[in-house]
Amino acid sequence: MANKVDSVNNYDKIAGVYDLFSRLIFFKTQVKAQTDQLTFIPANSNILIVGGGTGWILEEIAKIHSKSLSITYIEISAKMIRLARKRNVKHNNVKFINCAIEAFNGIEHYDVIHTAFLFDNFEEKRLESVFEKLNTLLKPGGLWLFTDFSYQPKTDQKWKGILLKLMYAFFKRIAKVEATRLIDTSTYFTNNFYENIKESDYYQNFIKAIVYRKMDPKKRPFK
Ligand SMILES: C[S@@+](CC[C@H](N)C(=O)[O-])C[C@H]1O[C@@H](n2cnc3c(N)ncnc32)[C@H](O)[C@@H]1O
């Protein structure tokens, strides 16, 4: 039986139509934001994907590296995992794990972490603890491919705020999404010594894709 952590932010009920829904509202911008980052993935690397949804990203990764990647794919939604398992991952090795990242107790360290439209689901406390967990799992010098919405209430166009409110209301009903506002994640990265090595904007800057590099502790500036 699902416990509380497994039912909050769980996209099970919308798994079958999630990609269609995303394309209807954002066309292919959510896809493009993520695929534009994939050339940063080094060959033979060990990758952690969290909240990857239906798994289309696995096929896109396989177009860049068709073999020798070790991928751990963590999804809280059992239906999303079922869809992801059907993907053609070519000769890469993918380990599918159906659990919340909060409950994941792997001890491996990764060269690359991929999170897309994951952190926008979280309220502050969960966001902090998931960030901390992923930060620990990423090797020094590793890359974090991060994509999410971006919204500055004071300066951004009103339509973005309205669309966010509508999405939060919808996903609260359908997926028990707990967040009610978008939290700015950039300070978490800067406070933890990440370098922003490539930043791209999509959908009139409503979507931001950032490639972060975790600085090696030996090379960090004194703080
Ligand atoms: C908005 S969807 C994005 C899916 C995919 N990244 C994409 O861009 O198409 C967020 C996904 O994260 C999953 N998710 C939410 N909270 C999670 C958690 N704590 N641990 C693992 N997966 C989670 C949801 O089930 C959902 O599939």
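Because the model is predicted, local features need pLDDT of at least 70 and side-chain atom pairs count only at pLDDT 80 or more, whereas totals for chains, interfaces and linings use all residues. Residues are numbered from 1 along each chain as its sequence is written, and side-chain values use heavy atoms, with hydrogens and water left out.

**Helices H2 and H7**

- Helix H2 covers residues 18-26 and helix H7 residues 158-175, where helices (H or I, at least four residues) and strands (E, at least two) are DSSP runs numbered from the N terminus.
- The two helices pack at an angle of about 165°, with their axes 14 Å apart; axes are lines fitted to C-alpha atoms, for helices over the stretch in contact, and angles run from 0 to 180 degrees between N-to-C directions.
- That angle makes H2 roughly antiparallel to H7, since angles under 35 degrees count as roughly parallel, over 145 as roughly antiparallel, 65 to 115 as roughly perpendicular and the rest as oblique.
- Tyr18, Phe21 and Phe26 of H2 make the contact with Leu163, Met167, Phe170 and Phe171 of H7, contact meaning heavy atoms within 4.5 Å.
- By class, this contact of H2 with H7 has 7 nonpolar, no polar and no charged residues (Ala, Val, Leu, Ile, Met, Phe, Trp, Tyr, Cys and Pro count as nonpolar, Asp, Glu, Lys and Arg as charged, and the others, Gly among them, as polar).

**Cavities**

- A search of the whole structure finds 2 cavities of 30 Å³ or more; on a 1 Å grid over the protein atoms alone, a cavity is a set of points where a 1.4 Å probe fits but cannot get out, a pocket is an open set with protein on both sides within 12 Å along at least five of seven lines, and lining residues have an atom within 4 Å of a point.
- The largest cavity holds about 620 Å³ of space, a volume being the space filled by probe spheres set on the points, with grid points joined across faces, edges and corners.
- Its lining has 42 residues, of which Tyr11, Tyr18, Ala116, Phe117 and Asn121 lie nearest the centre, and H2 supplies the largest share, 7 residues.
- The second largest cavity, with a volume of about 30 Å³, is lined by Asp36, Gln37, Lys198, Glu199, Ser200, Ala209 and Val211.

**Largest pocket**

- About 520 Å³ of space lies in the largest pocket, which is lined by 26 residues, with Ser150, Tyr151, Leu182, Ile183 and Asp184 nearest its centre.
- H7 gives the largest share of this lining, 4 residues, and by class the lining has 11 nonpolar, 7 polar and 8 charged residues.
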